[in-house]
Amino acid sequence: MSLAIFDLDNTLLNGDSDHAWGEFLCEQGIVDAAEYSKSNDYFFQQYQQGTLDIQEFLEFALRPLAMLSAQKLSELHAQFMQQKVEPIILPKALALLKKHRDQGDFLLIITATNSFVTGPIAARLGVDAILATDPEIINGSYTGKVAGTPCFQDGKVTRLNHWLKDNNHSLQGSSFYSDSRNDLPLLELVDHPIAVDADETLMQTAQQKGWPVISLR
C-alpha cells in the first residue's frame, strides 16, 4: 500500500475552501462584510505569493469559530458544503482519487486550511485520512487559537512525519499532488511529486526537476 497524498485547495477543488468560507461568513452576516472581506482577500493574495504569515492569518481565520455555538457552526457548515463546496469539486479529481483507491493506495489529504472547514470536505471526497491545521478546542468550544503546528509549508512535513510514526506508514512509493509553491517542502520529500494546475513558481520548479505536470480542470 503506497501513500497517495493530496493538497486540497486549488488541487482537488476548483477554488480555495478557506477563502470561500470567509466569503460565506460575509454573505451570512456573521462578520462585518466589508472589513472581513478585505482581510480575507489580503491574506489569500499573500498565500498565493508565498509570503503569508500563517500565525497572523490563523488569528484572523479562527476567530469566527469562537463566536458561534457548535450547533450553529454545524448548521452553517452544512449550508456551506451545499452552496460553496459542491460546485467546486472537480470530476477529474474524483476520478484521480478513485484511481488511487482502486490501486490499493492510502488516500491522505494534507491542507493548511483548518480542520473545521476541511474535515467534512475530506469525508465527502472519501479519503482515508486528513491532516489539517487544528483549531484549539477547550471544553467543547473553539477558542479562536490554533492547536499545535499549523499544517503549512514546512509544517506539512512536520505534521506528516509525526503522522507516519503514529500510523505505521512510510513514504516509500509515495506521491503528492499540489498546485502551490507553498508545498515545495513536501513535494521535495515524496517519491512522486506531481504539479496540478500549478502556480508559476511551482510550474518552473516542476519543469526544472522533470516532475509530471497535470490539470484536473
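1. Helices and strands. The protein has 9 helices and 7 strands. Keep in mind that this is a predicted model.

2. Overall size. The chain has 217 residues, and a compact globule of that length would have a radius of gyration near 17 Å. The protein has 17 Å, so the two agree. The C-alpha trace spans about 45 × 35 × 30 Å along its principal axes.

3. Burial and contacts. Of the 217 residues, 51% are buried. Residues 24 or more positions apart account for 58% of them.

4. A helix pair. Look at helix α4 (residues 70-85) and helix α6 (residues 115-125). Their axes come within 11 Å and cross at roughly 55°. That angle makes α4 oblique to α6, because it falls in neither the parallel range, under 35 degrees, nor the perpendicular one, 65 to 115. The crossing of α4 and α6 is right-handed.

5. Who makes the contact? On the α4 side, the residues are L73, H77, F80, M81 and V85. On the α6 side, they are F116, V117, P120, I121 and R124. Sorted by class, the contact of α4 with α6 has 8 nonpolar, 1 polar and 1 charged residues.

6. F116 is found in helix α6. Is F116 buried or exposed? Its relative accessibility is 10%, so F116 counts as buried; the cut-off for buried is under 20%. Leave aside its neighbours within four places in sequence. F116 is then in contact with W21, L65, L73, H77, P135 and Y142. Two of these, L73 and H77, also belong to the α4 side of the helix contact. Another is Y142, which sits 26 residues from F116 along the chain, with their C-alpha atoms separated by 9.8 Å.

7. N139 in its loop. Most residues other than glycine have a negative phi. N139 is not a glycine, yet its phi is positive, about 55°. Where is N139? It lies in the loop between β3 (129-138) and β4 (141-147). With 78% relative accessibility, N139 counts as exposed, since the cut-off for exposed is over 50%.

8. N168 in its loop. N168 also has a positive phi, about 60°, although it is not a glycine. Its loop runs between α7 (154-167) and β5 (175-178). N168 counts as exposed because its relative accessibility is 74%.

Terms used: Residues numbered from 1 in each chain as written. Predicted model: local features only at pLDDT ≥ 70, side-chain atom pairs only at ≥ 80, totals over all residues. Heavy atoms only, no water. Axes fitted to C-alpha atoms, helices over the stretch in contact; angles between N-to-C directions. Helix = DSSP H or I, 4+ residues; strand = E, 2+ residues; numbered from the N terminus. Parallel < 35°, antiparallel > 145°, perpendicular 65-115°, else oblique. Left-handed = near helix turned anticlockwise from the far one by under 90°. Contact = heavy atoms within 4.5 Å. Nonpolar A, V, L, I, M, F, W, Y, C, P; charged D, E, K, R; others polar. Rg over C-alpha atoms; globule rule 2.2 N^0.38 Å. Buried < 20%, exposed > 50% of the residue type's maximum accessible area, 1.4 Å probe, protein only.
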